[in-house]
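Subject: Structure for your review

Hello,

Here is the structure I promised to pass on. Please look through it; my notes follow below.

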There are 2 protein chains.
Amino acid sequence: MYEIYETKVNVLRDNDEEAAKVRESLQEKKVFLLNLMGSPGAGKTTVLLRMIEALKDKYKIGVMEADVDSAVDAEKIAATGVRVIQLHTGGSCHMDADMTARGMEKMNIDDLDLVVLENVGNLVCPAEFDVGAAKKVMILSVPEGDDKPLKYPLMFTVSDCMLINKIDTKEIFDFDEDRCREYVRKLNPDMEIFPISALHDEGMKEFTDWLDRQICLWRAQ
Amino acid sequence: MYEIYETKVNVLRDNDEEAAKVRESLQEKKVFLLNLMGSPGAGKTTVLLRMIEALKDKYKIGVMEADVDSAVDAEKIAATGVRVIQLHTGGSCHMDADMTARGMEKMNIDDLDLVVLENVGNLVCPAEFDVGAAKKVMILSVPEGDDKPLKYPLMFTVSDCMLINKIDTKEIFDFDEDRCREYVRKLNPDMEIFPISALHDEGMKEFTDWLDRQICLWRAQ
């Protein structure tokens, strides 16, 4: 037997105000900010590279790579030719609205259509901090397991879209996609779900078509 | 091209004091506390189940399962018959020394030899918070990628031992073990490294033998 013991609660009011301001300002500029989240190694950068490939002729894209350290991802993104900035969070496990606003100021986003924030690899903290994005996309990779919605419910609750990445390894990791979808539906009935393999370019078109529609809707508002 | 922009720095003094007190008290009681860390889905619970199997006849074991939500892991551990408590962190992305001390008080550890804290799945925050453990063990799973030491250096710097889990999937994920070890060695030349497959019970004996020696040394102090 075991007990359940609650140890801590967070309240994060100021960030929400700041995030609303960021979103309003982006709305005026018609810049669509995407907050891309997921565990370390879920495949955020690979998904981003595919997204850039699919959308770069239609939209002017900028990328903010948030990491605790290194510039591994920014180097990969820079090779595509899109504008990119590496943000080091100084140990912080997530980006907040103020850090995002400062990153965008530094990068100059006024002439961009789509800005993607690749958040720090983490299923917990980034979910708690609204950065002012138009949409939140999260990636769950198959090797992480189908029970993750139970353990990290907030991430699955606040996101608009979930990519189930490395879907080609479903059998190897005994990943039950139906069960995973069921857990997610209970938390978030409106979640858009796309099973993909970013590495093998499977399922990506369905996702980038969805994203394209979201950008259209955002600009039409 | 891209710029590097530092956005935030953390200072965490009080926790270190608290952690030193926890460690001292555990030393007096001859209780070995292990802080087990890793990303969501790295295999912490599966490793823990193997550890219990290997060491339960020799040591009296207790487990603290820290999660943002759910009791999925505690249920699995409870089935082994060892004492277990589920700690819900109320949204927090890590355990700190105070939370750990309160968990141990709640569980009553005085008659135990080995207490394992399964930390929240996260490569960032748990690395920043000393919980007062005798040793820190981290798990990197192969699907996360061999570049993780570059992106989450603190975790690889502060840990005493690293398990490279799901090693049987190295080819599928193009994981370069030598490169990964090289990155880790630069951060932490003393790191003990064990390639394992917890699921298939490969390499676990080398790790549990090491752990057994650490417990002996701790009790002999």
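The loop between β7 (161-165) and α8 (177-187) of chain A holds D174(A). This is a predicted model, and in it D174(A) has a positive phi of about 55° although it is not a glycine. For context, most residues other than glycine have a negative phi. D174(A) counts as exposed because it has 10 C-beta neighbours inside 10 Å, and the cut-off for exposed is 12 or fewer.

K30(B) sits in the loop between α1 (13-29) and β2 (32-38) of chain B. With 13 other C-beta atoms within 10 Å, K30(B) is partly exposed.

On the interface: 56 residues of chain A are in contact with 56 residues of chain B. On the chain A side, at least two residues each come from β1 (4-6), α3 (72-78), β4 (83-88), α4 (97-107), α5 (125-128), α6 (148-151) and α7 (153-158). β4(A) gives the largest share of that side, 5 residues. Sorted by class, the side of chain A that touches chain B has 26 nonpolar, 17 polar and 13 charged residues.

Finally, the core. The largest nonpolar core has 138 residues. Those with the most contacts inside it are L34, V115 and L117 of chain A and L34, V115 and L117 of chain B. Leaving aside residues up to four places away in sequence, V115(B) touches V31(B), L33(B), G62(B), M64(B), M104(B) and I109(B).

Regards

Conventions: Residues numbered from 1 in each chain as written. Chains lettered and ligands numbered in written order. Predicted model: local features only at pLDDT ≥ 70, side-chain atom pairs only at ≥ 80, totals over all residues. Contact = placed C-beta atoms within 7 Å. Helix = DSSP H or I, 4+ residues; strand = E, 2+ residues; numbered from the N terminus. Nonpolar A, V, L, I, M, F, W, Y, C, P; charged D, E, K, R; others polar. Core = buried A, V, L, I, M, F, W, Y, C linked by C-beta atoms within 7 Å. Buried ≥ 20, exposed ≤ 12 C-beta atoms within 10 Å, placed from the backbone.
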